[in-house]
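The following briefing is intended to be read beside the sequence and the structure. It is arranged by topic.

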Amino acid sequence: MNPAAAMPQPLAEAAQPLADRLREIEQPVRIIGHYDCDGLTSSAILVQTLLRLGKRFHLSNVLSLAPGVIERLNREAPALVLFTDLGSGYMDLLAQLEAPALVVDHHLPQGEVPGNVLELNAHKAGVDGNREASAASVAFALALTLDEANRDLAPIALAGACGDRQMTGGWKGWNLEIANMATEDNYLKEKQQLPLHGASLAEALAGSLEPYLVGVSGQPTAAEEALREIGLDPTAASDGLAGEEAARLADWLVLKLLEQGAGSEQCEQLFAPSYQLPGWGCTVSELASLVDASGRQDDTSTGIALLLGSTAARSRAGAHELAQRKQLLALLSAAKFERRNAIQHFSTSEPALKGTICGLALGYFLDRSLPTIGLSPRDGELIVSSRATPELIERGLNLAEVMSQSAGKCGGIGGGHAIAAGATVPLDAEEQFLAAADEQVAAQLGL
Ligand code: C5P
């Protein structure tokens, strides 16, 4: 498949001016990327593309686009800044940047694009940035525009899209084109298998986050008992299960998920194909987990190095992933969720994991008729994550608006996507923020 033909025309056209700017620049490019899986994968695609063009760069991956980032850039005075997986929601801030800038993003665009900025945003190029393209998919479009030989970066783009939950329910739009291209090049292979990973069946169940099994995940003895009850050997290899035994385990998993109130999307995920990356020796979701854990464990350089092919970084990322999995399993069973009229919320001392906890808890066991908000103190401020279900979005919920407006009412900032958004508010504004969010969600849902 010719990549230029596969790329939606508006995306190809929007990428061209940014490609021209990068081709002509002779000074180092200052890259600022988000710290999560999509931010790191999109950064790695841009870094690899610049290296192949013989360009120099200086990369930093940040928690958010705070005013301090702009102040720092103004002190550094780079020739060109390249923002990835952030920027489109914060054009007011970018107007304060003295250097010219490029933005590669898929968040909902907000505000007028200032004269110093050239923006490549999925939504503005007719591609749904919530579902059909992550920042890594958009960065991949830019990489292909610069050189078709960059199509080998497709697995990294898919890992970014997976990190932003765009794989759930199957690839769509530009992501699907990327997956087709990768399949044609033999970088991607579909395989039908249950999403359980571990040396033994008991280890796979006890370590399972997706699916999260209430009372079993994080509890090795309960996992062994559950397997014995359905007549399976807990010590059997988790990837060796086939035929009637695999069907028996799948039936038990579906029943368990239905009993604990998991969403239909989460149940269907049990039977979704797993996407193998032969060149990487793992699946798309395993690569995404390694990168995600590196970012959230405050080691973004390991995430980038692993994506550039370092085996030492890959083993460090493996250790981060294991540590993060254990931490998430402990936090999920200990979190105290409180309900209000239209929202449910919890607090955690782990700011980097609150969004993941929100998503897993809402997907697997909380009341799915209320969006979930997680709060965590960090550096004298309160940082917030929120997650919704596709059904709530269909009923009119938009968390990007809820976060932006509720935070605005108490002196903070917020934004993101309709289904997943975040905010930063003053530490003493917790009650005011939650009350505003509760009221606004109720208004959006007509409660
Ligand atoms: O931090 P978290 O993963 O919960 O963020 C969810 C989404 O909201 C992300 O896409 C993030 O970039 C966006 N966000 C934002 N502004 C904030 C916090 C998060 O746009 N202040």
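**Briefing: aromatic contacts, strands, cavity and cysteines**

Tyr212, Phe337, Phe346 and Phe365 form one aromatic cluster. The model is predicted, so local features need pLDDT of at least 70 and side-chain atom pairs count only at pLDDT 80 or more, while totals for chains, interfaces and linings use all residues. Residues are numbered from 1 along each chain as its sequence is written, and side-chain values use heavy atoms, with hydrogens and water left out.

**Aromatic pairs**

- Five aromatic pairs are found in a search of the whole structure; rings of Phe, Tyr and Trp (its six-membered ring) pair if their centres lie within 6.5 Å, and planes under 30 degrees apart count as stacked, over 60 as edge-to-face and the rest as tilted.
- One of these is the edge-to-face pair of Phe337 and Phe365, with 6.0 Å centre to centre and 75° between the planes.
- This pair links distant parts of the chain, 28 residues apart: Phe337 lies in the loop between helix H15 (311–334) and strand S9 (338–339), and Phe365 in the loop between helix H16 (354–364) and strand S11 (372–378). Helices (H or I, at least four residues) and strands (E, at least two) are DSSP runs, numbered from the N terminus.
- Phe337 is partly exposed at 23% relative accessibility, and Phe365 is partly exposed with a relative accessible area of 23%. Buried means under 20% relative accessible area, exposed over 50%, and partly exposed in between (1.4 Å probe, protein chains only).

**Strands and sheets**

- An open sheet of six strands has the order S9-S10-S11-S12-S14-S13, with mixed pairing; two strands pair if DSSP finds at least two bridges between them.
- The edges of this sheet are S9 and strand S13 (413–416), each of which has a single partner strand, so one side of each is left without a neighbour in the sheet.
- S13 and strand S14 (residues 420–426) run antiparallel and are joined by four bridges; Gly414 stands opposite Ala423 in S14.
- Strand S4 (residues 101–105) pairs with S5 in the parallel sense over five bridges, and Asp105 stands opposite Asn121 in S5.
- Strand S5 (residues 117–121) is largely enclosed by the rest of the structure, because four of its five residues are buried.

**Cavity**

- The structure holds one cavity of 30 Å³ or more. On a 1 Å grid over the protein atoms alone, a cavity is a set of points where a 1.4 Å probe fits but cannot get out, and lining residues have an atom within 4 Å of a point.
- The largest cavity contains about 30 Å³ of space; grid points are joined across faces, edges and corners, and a volume is the space filled by probe spheres set on the points.
- Its lining consists of Leu22, Leu46, Thr49, Leu50, Leu82, Leu142 and Leu146.
- Helix H3 (37–52) and helix H6 (135–146) are the elements that give two or more residues to this lining, and H3 provides the largest share, three residues.

**Cysteines**

- Zero disulfides are present in the structure; a disulfide is a pair of cysteine sulfur atoms within 2.5 Å.
- The sulfur of Cys162 is too far for a bond, because the closest cysteine sulfur, in Cys37, is 6.8 Å away. Cys162 is buried, with a relative accessible area of 11%.
- Cys358 is likewise in no disulfide, and the nearest cysteine sulfur, that of Cys410, is 17 Å away. Cys358 is buried, with a relative accessible area of 0%.

Conventions: On a 1 Å grid over the protein atoms alone, a cavity is a set of points where a 1.4 Å probe fits but cannot get out, and a pocket is an open set with protein on both sides within 12 Å along at least five of seven lines; lining residues have an atom within 4 Å of a point.
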